[in-house]
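I opened the model to look up how its parts are put together. My notes follow in the order in which I checked things.

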Amino acid sequence: MLTRNHLLAGAAALAALSLAGPAGAQAPIKIGELNSYKNFPAFLEPYKKGVDLAVDEVNAAGGVLGRKLEIVSRDDNGNPGDAVRVAEELLSREGVSFLIGTFPSHVGLAVSDFAKQRKVLFIAAEPLTDKLVWEAGNPYTFRLRTSTYMQTAMLIPDAVKLDKKRWAIVYPNYEYGQSATAAFKKLLSAKQPGVEFVAEQATPLGKIDAGAVVQALADAKPDAIFSSLFGADLAKFVREGAQRGLFKDVAVFNLLAGEPEYLDPLKEEAPDGWYVTGYPWSEIKTPEHGKFVAAYEAKYKDYPRLGSVVGYSTVISAVEAIKKAGSLDQAKLIAAMSGLKHMTPFGAIEYRPIDHQSTMGAYVGRIGVKDGKGYMKEWRFVDGKDALPSDAEVMKMRPKN
Amino acid sequence: MTFSSILIQLLNGLASASSLFLVSAGLSLIFGVTRIVNFAHGSLYMLGLYGAYTLIEVLGRTPLGFWSAVALAALAVGIAGVLIEVLVLRRVYRAPELFQLLATFAVVLVIKDIALFAWGPEDLVGPRAPGFDTAVEILGKRIPSYDLLLIAIGPVVLAILWLLLTRTRWGGAGAGGDPGPRDGGRAGR
């Protein structure tokens with residue numbers, strides 16, 4: 001008859017087998033990756049290609065700690081509940097060492113909280129909300145991508161220079177859009193006292209009723225508009241706004257709108273003169289970027305999108321952290337991530353010990369239209385470390401641990 | 001809020017309502033005839049849009065190219081609908097409702113992946129309808145003429161459907177001639 005002891009003995013034997021099985025040292029290092037692939041394919045398919053490219057390069061160079069690198073990817077359905085379930089599955093069933101990935105901010109926050117409960121490292125790739133490293137920051141979460149605060153801060157000098165009085169704001173109504181709007185209001189009010197925010201439209205993510213939103217903004221008669229729309233929402237807003245004459249004599253600032261995944265679909269309708277953050281991939285001439293583009297184009301016969309850079313750099317961060325830690329021990333990995341420096345296609349970055357935000361920069365410029373296609377003109381690169389608030393301010397926002 | 005902005009928002013609302021009507025008319029017609037709530041109805045609309053986009057690229061961005069692409073795409077989706085009826089719906093007419101929902105939901109997932117595979121992950125922004133790509137000024141505010149076209153199309157389609165269902169043999173077929181599934185429900189009920 002089977003007893004509890006028998007079962008335990010069996011389990012122990014199995015565990016011993018699986019440990020000793022495929023020659024311990026040769027088993028690959030597994031990293032769990034989760035993302036909203038089916039919800040945001042425009043960004044995340046290029047992202048996945050970037051991830052795969054980095055894995056290929058790392059393994060071709062001999063892997064990490066003498067072992068091959070393996071990324072186990074899962075779809076989180078763009079929903080916090082599913083994401084936590086998937087993250088748990090990656091840890092307990094797939095036996096991954098730690099977690100990377102996520103795209104929408106609310107999902108990033110959920111996984112970050114999960115990482116805190118389970119005390120495992122989480123490198124957030126793309127969720128941009130400021131809360132992730134500040135108000136809701138925790139010791140286990142690090143973020144690669146330039147946050148909403150940083151990208152907004154990069155646009156603020158141009159906004160202040162224009163000296164517009166009446167601003168209207170439109171944003172996708174979830175964590176990222178709310179975070180971007182809050183950062184913009186705070187930063188602009190500080191630099192330009194007396195500025196008025198005359199209208200605010202919070203649209204459901206992916207379901208903007210563009211005609212009504214454009215009309216509501218136009219009714220407020222703004223001098224300038226700040227938007228954090230992206231994807232299909234952005235395309236509809238651009239088309240309706242242009243047809244209804246909303247953008248005539250109005251300055252428009254739009255986070256992310258210069259990223260090829262969102263700019264290229266607009267083709268000849270790309271809104272000329274908008275101030276944006278983005279990725280003028282064909283014009284960046286640094287050696288680290290040139291090398292990345294050449295490898296990417298050789299592998300995929302396609303040009304990189306911003307997602308490609310994010311996916312690629314996230315894997316490099318994970319690999320560099322393991323190398324620096326010299327082991328897969330969580331405490332050592334987290335210690336290694338803090339202050340970790342490495343190269344990315346956008347240049348050198350550092351994960352700041354103070355808030356776990358990387359100093360990855362972003363490209364800022366204006367949209368132009370040439371040969372029926374949108375592109376970024378008058379662009380400049382802003383280093384992430386120049387777009388962050390003072391250490392004292394960060395300390396105040398981030399919970400003590 | 002001024003009178004003119006309320007009027008424009010009213011027109012915006014009518015345009016959205018009209019496009020929603022166009023989608024739901026088909027759903028309700030299919031429910032009336034087959035007694036199946038077709039979860040994949042919206043997916044067929046999506047297929048139609050992607051098909052029209054591709055056909056316009058092939059036929060050229062001219063008025064003729066645009067409108068014939070729209071008509072051809074509609075026909076093609078009609079054929080896809082027939083295929084789905086023969087391959088999927090026919091097998092679940094007598095199944096419990098839950099299985100019908102499950103089967104048509106599976107079609108949603110299949111079509112979603114087909115679209116992702118065939119048309120890629122990037123958003124596609126189709127051209128504006130030729131002849132309806134400008135805006136009309138009403139009380140000093142601009143409204144796209146395409147929205148006005150939509151407002152007109154909805155009632156026209158409604159009238160045509162009503163005539164077809166009540167005044168022709170085809171409509172009567174749905175009422176009784178065709179034994180149909182289950183209880184032979186009246187079309188469009």
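Entry 1, one residue to start. I began with A:Asp52 and listed its contacts, leaving aside neighbours within four places in sequence; the list holds A:Lys299 and A:Tyr300. This is a predicted model, so I read every value here as computed from it. A:Asp52 sits in helix α2 of chain A, residues 41–60.

For chain A the domain assignment gives domain 1 as 26–147 + 285–361 and domain 2 as 149–283 + 362–391. I computed 27 Å between the centres of domain 1 and domain 2 of chain A, taken over C-alpha atoms. To their contact, domain 1 of chain A gives 34 residues and domain 2 of chain A gives 31 residues.

I looked up A:Thr148 and found it in helix α5 of chain A. Its relative accessible area is 1%, so I noted A:Thr148 as buried. Which side chain makes a polar contact with that of A:Thr148? It is A:Ser179, at 2.9 Å. Beyond four places in sequence, A:Thr148 is in contact with A:Leu128, A:Thr129, A:Asp130, A:Tyr176, A:Ser179 and A:Ala180.

I traced an open sheet of seven strands in chain A, in the order β7-β6-β8-β9-β10-β13-β14 and with mixed pairing. From one strand to the next the twist averages 25 degrees. Helix α5 of chain A, residues 148–162, packs on this sheet and touches β6, β8, β9, β10, β13 and β14 of chain A. The direction of α5 makes about 160 degrees with that of β9(A). Helix α7 of chain A, residues 210–219, lies across β6 and β7 of chain A and runs at about 170 degrees to β7(A).

With β7(A), β6(A) pairs in the parallel sense over seven bridges, and A:Ile169 stands opposite A:Glu200 in β7(A). With β8 of chain A, residues 224–227, β6 of chain A pairs in the parallel sense over four bridges; here A:Val170 stands opposite A:Ser227. Why is β6(A) largely enclosed by the rest of the structure? Because six of its seven residues are buried.

The largest nonpolar core has 132 residues, and A:Leu99 and A:Phe237 touch the most other members. Helix α11 of chain A, residues 306–325, supplies the largest share of this core, eleven residues. The core draws at least three residues from each of domain 1 and domain 2 of chain A. A second, separate core has 15 residues, among them B:Leu47, B:Leu89, B:Val107 and B:Ile111. I then listed contacts of A:Phe237 beyond four places in sequence, including A:Val170, A:Ile208, A:Leu217, A:Phe247 and A:Trp274.

Conventions: Residues are numbered from 1 along each chain as its sequence is written. Chains are lettered from A and ligands numbered from 1 in the order in which they are written. This is a predicted model: local features need pLDDT of at least 70, side-chain atom pairs count only at pLDDT 80 or more; totals for chains, interfaces and linings use all residues. Side-chain values use heavy atoms; hydrogens and water are left out. A nonpolar core is a set of buried Ala, Val, Leu, Ile, Met, Phe, Trp, Tyr and Cys residues joined through side-chain atoms within 4.5 Å. Buried means under 20% relative accessible area, exposed over 50%, partly exposed in between (1.4 Å probe, protein chains only). Helices (H or I, at least four residues) and strands (E, at least two) are DSSP runs, numbered from the N terminus. Domain bounds come from an automatic or database domain assignment. Contact means heavy atoms within 4.5 Å. Two strands pair if DSSP finds at least two bridges between them. Axes are lines fitted to C-alpha atoms, for helices over the stretch in contact, and angles run from 0 to 180 degrees between N-to-C directions. A polar contact is a pair of N or O atoms within 3.5 Å; within protein, one must be able to donate a hydrogen and the other to accept it, and residues adjacent in sequence count only if both atoms are side-chain atoms.
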